[in-house]
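Try each task yourself before reading its solution.

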Amino acid sequence: MPGAAGEAPDGGASVSLSGPERSVLEALRIASDLPVEEEELAARLGLGLDSVRGSLQRLRSKHLVVLEEEHLTDRELTERGTEALRQGLPERRFLDALNRHGGRLTPEEAATEGLSEDERSAAIGILRRRGLLDEGLPFRLRKPGESDSTLLPEEVILKQIANSEGEIDPAIFAVLERRGLVREVHHSVKRWAPSEEGRRLPLAPAGEALLGALTPALLASGAWQTRSFRPYDVRAAVPYLTGARPNPYVAWLEEFEEILIGLGFEQAEGPLLETEFWNNDVLFMPQDHPARSIHDALSVEGVTGHPPAADLLARVASVHEGRALPGETQPLGPGWPGRYDPAIAARPVLRTQTTAVSARFLARHPTPPFRMFSLDRNFRREAVDAKHHIEFAQCEGIIGEEGMTIRHLVGVFRAAAEAIGIRELKIRPSYFPFTEPSIEGYVRHPRLGWMEIFPGGLFRPEVVRPLGIDVPVIAWGIGVGRLALVALGVNDLREMFTGDLASLEGGG
Amino acid sequence: MPQSVLSLERVLSLLPVRVTDSALDDLLFASKAEIDAREGDALTLSVTPDRLDLLSEGGLALYLAGVLEVAHGLPATAPKSPTSPPPRIDCDPSVDRLRPWIAAALVRSPTDAGIDVGTLAEAIRFQELLHASIGRDRRAASLGIYPWERVNPPIRYSEEPLSEVRFVPLDAEEEMTGERFFAGHPLAARYGAYGRLGDRCLVLRDRDGVILSLPPVLNSRAAGEARVGDRILLLESTGTLERTVRETLSLLLVVFASHGWTIEPVEVHRPDRPVDPGRSIVEPRTIDLPSTLVREVSGETLSAAEIERRLSRTRLNARPHEGGWKVAVPPWRPDLQTPIDVVEDVVIAAAIPAERGIVPPSRTLGRRLPEVRLRRTVAGYLLGLGFAAPHTPLLVSEASVARVTGADPIRLRNPVSSEFAYVRDRLLLSHLDLLARNTRRSYPQRFAEVAPVVIRDPAEETGGRTSYHASLVLASESAGFADGAAIADYLLRRLDVGGVREPAEIPATIPGRAARYRVAGEAVGEVGEIQPRILFEIGVPVPTVWAEIDLTALGPFLLRHDTP
């Protein structure tokens, strides 16, 4: 709410009272007989009841007064009931007539006794049900004279209601209500008292304005010592703020990294724009492998890469062509068909697998035992839809140590699966050009069933030997993007790259 | 993964025991084949690229019989009385210009009934699968199947003038010339370039001059059409890579070996080379398997009997030899080349139970890279300042690059779409996109990201340098240069580096309202108010300030101080 001219803006929406509202609130604050009925309040203030009621409702909406409402039920005679009490109930009048005629009355005589046909019919039915009247005609009292002075229960109730006295038999009341002689009337009594806020609300003395925002000038002047502040409506709407929270996808990936660090893995990174040498050749991927084609890998324009150091290039070329490593006599294997082309090795390409990072790590000749992981972006030439993205996250891990076997790789799968809360794992054979044996770990997700999550194997001699590594190296890669989808309950890969700020803001 | 549709009934008919659907599922889960679909008799199967042999009904049955232990080791394929003298192909060096390599084998039916319709169909389907996969769509290698009994050997493989070629193509009724064939036939349009150069093409003829085929395009009707009942077939492969030519032919042999056919070598004679007797293509080869390697790789101490049993299950023969075994490997297993390849077969011949896994005790200390710690720290500061944290792709759209005059990101040579066409060199490109996508959101908008960019750098090995930047954007009615600079100043201060601002011309910013940060003379960041032209283009109705710090460039200054 903007402040008055010359005043600092308020720090909140002010609570304002009209004159009648203020009077009503003041009257309640000084009343000693709380809560006070509306009518009483109106009388004390000399105001109209409607005006007081309106003020009370407005004060209530400002949380300054509280209402106690008592719901009451009164019983009263209807017009017919009043008439019945005065003349007597039809059954009483019929009984009196019978007694007047010595306890015997023909239908013709009955018709002359001042009762209407309906009243006669009702009276006869009631008296017979009570056992006072015999069956058949003429009408005969079963015990003449006995009941002429005894009050019928209905007569008792009618008198009680008329005089507002005594306990009323609900069953008989219900009968009388059905006969249209009595009715229930509901009404309430409203009593009011000031709320805690209403008691505390500063009310400036008559003729004095309340203070708005607390300003430095006000603080300095000391005026605050003698004047009251205009109260704020603390429930009024305030500006809608948004905040920031960690990106859920990134946070999940970081959590996954923490698991690996806990398992003794050191982190490594490599360039996102990579040469074909590191992306493929050093991993013993044949140079004509379909995954290296322009249909699968993203290549770039106007950028020239460089081949690696000549000795490393020569060693990798040797294994591709099935020749012995320089200085050795026996080839590690037959290599791949065709000539190894160093020009291809230097071509830049967007990295397609984090295994390239493992290769760069191994080329630095780490001292065994070593454990490395790299969780990073990779790229493939793929149209983007809910299940595919041109960019995907992969987590690569290797352990280089004497004695590492395929059973240790399975053990790593198990540990990683358990760390993300998955206990069921099964293993099947697989194939990758750079590992032998190659296996794949499937985990059972409680909702999605068996999922292929852990591809891995032992790096082939053709991979590690040219890099100068002599210990067995177990290697695995995890499609962490896919795992994240499951963990975050997201169905669309594109949501990992959401540009919707609303979903990224804490208050959004 | 290579995929094919097999006849399930045909596979099961080759097994002497009944196999239920669930048993088949389990057996294949433990193999390198995977069931993609099963509809009636049609079994859609994928295999890993090293086990193409499993994509023929015969090859799959051969494997299943092994793991079911109803058949053991290598099937016998050697003929009791081989053809004498051995069949031969005369290869003329003229073929060197197009497809220098040829290999062949003779397969002989175990019965006088010859080939049945099912086996012939299986062979032709598998042949096409091999063309598409290992043959690289016939470029590297292609196969031909011929009725040996209607051919008069020897066969001659040479390059000939088109004018001398007259034949009836396999799918035609009338004779045509080489010129007409290459000019009009649809298969010639697709594969002609691999078998024709100028006015000459590759031809296979028999002694009578009858054309068998024009490799790798099409066979002839006269001597290139195998028919039901043929008892002896010539299988031939030509191509550009010797090993691929031999492996493609070897793989095709599995169809016949699994149906009990015998296999004979075909010699290849060339005037400029020694005779290739062809035996290495059709006969099992031997790989030495040291017993220590099995233990070192599998992690299991298996008895010799168990290892031999496993090799037998995987349809290999093992003969004990000094320190291990001599393992006989059939021609249709080109994936088995070295001892480690054979160890894999030993490992997977039995199921690999997950519970046998050993979690290797950690003897190393896990740690984050210091530069990653720095990035996380900066991301935390930005979060603390209330900036939302998007995660944007490295690749940006053509539109986002076009709007920032002066940006020089690397362009993809083969983009899938214009949406992902460039590799960003600054996060600003992604973040302007983000602003454009959020114009319906209320303002102020504040977001920041720590993420990679790739900067063109000819000195780098890859031609580009991967750097990590922290970018922040503030769009609000009152946003101005000072707001962006205050935050960038704050970040540098928190990192304990004394950056200085100097006036600079920076893409996408208003001239005179942009600055470059330098630390010890090195450029480490930029800040500026975004040009109104760009804001108008992307529909942002409020002033916007952006700052971007190059954390990779900043790294050395921080690490020197051992921070953060």
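Predicted model: local features only at pLDDT ≥ 70, side-chain atom pairs only at ≥ 80, totals over all residues.

Residues are numbered from 1 along each chain as its sequence is written, while chains are lettered from A and ligands numbered from 1 in the order in which they are written.

**Exercise 1.** Work out the strand order of the open sheet in chain B, and find which strands stand at its edges.

*Solution.* Start with the order: the 4 strands run β6-β14-β5-β15, with antiparallel pairing. (Strands are DSSP runs of E, at least two residues, and helices are runs of H or I, at least four, numbered from the N terminus; two strands pair if DSSP finds at least two bridges between them.)

Next, the edges. β6 (141–147) and β15 (262–265) of chain B each have a single partner strand, so one side of each lacks a neighbour in the sheet. From one strand to the next, the twist averages 25°.

Now zoom in on one pair: β6(B) and β14(B) (residues 232–239) are joined by 7 bridges. Within that pair, Gly144(B) sits opposite Glu236(B).

**Exercise 2.** Trace the partners of β20(B) (residues 324–329) and look at the hairpin with β19(B).

*Solution.* One partner is β18(B) (residues 285–290), antiparallel to β20(B) through 6 bridges; there, Pro290(B) faces Gly324(B).

Another is β19(B) (residues 317–321), also antiparallel to β20(B), with 5 bridges. Pro320(B) has Trp325(B) as its bridge partner.

Finally, check the turn: 2 residues lie between the strands of the β19(B)–β20(B) hairpin, and Gly323(B) takes a positive phi near 70°.

**Exercise 3.** Describe how α2(A) (residues 38–45) and α3(A) (residues 49–61) pack.

*Solution.* Geometry comes first. The axes come within 9 Å and cross at roughly 110° (axes are lines fitted to C-alpha atoms, for helices over the stretch in contact, with angles from 0 to 180 degrees between N-to-C directions). That makes α2(A) roughly perpendicular to α3(A), a label covering 65 to 115 degrees.

Then list the contacts, meaning C-beta atoms, placed from the backbone, within 7 Å. Glu38(A), Glu39(A), Leu41(A), Ala42(A) and Leu45(A) of α2(A) meet Leu49(A), Val52(A), Arg53(A) and Leu56(A) of α3(A).

Terms used:
Parallel < 35°, antiparallel > 145°, perpendicular 65-115°, else oblique. Contact = placed C-beta atoms within 7 Å.
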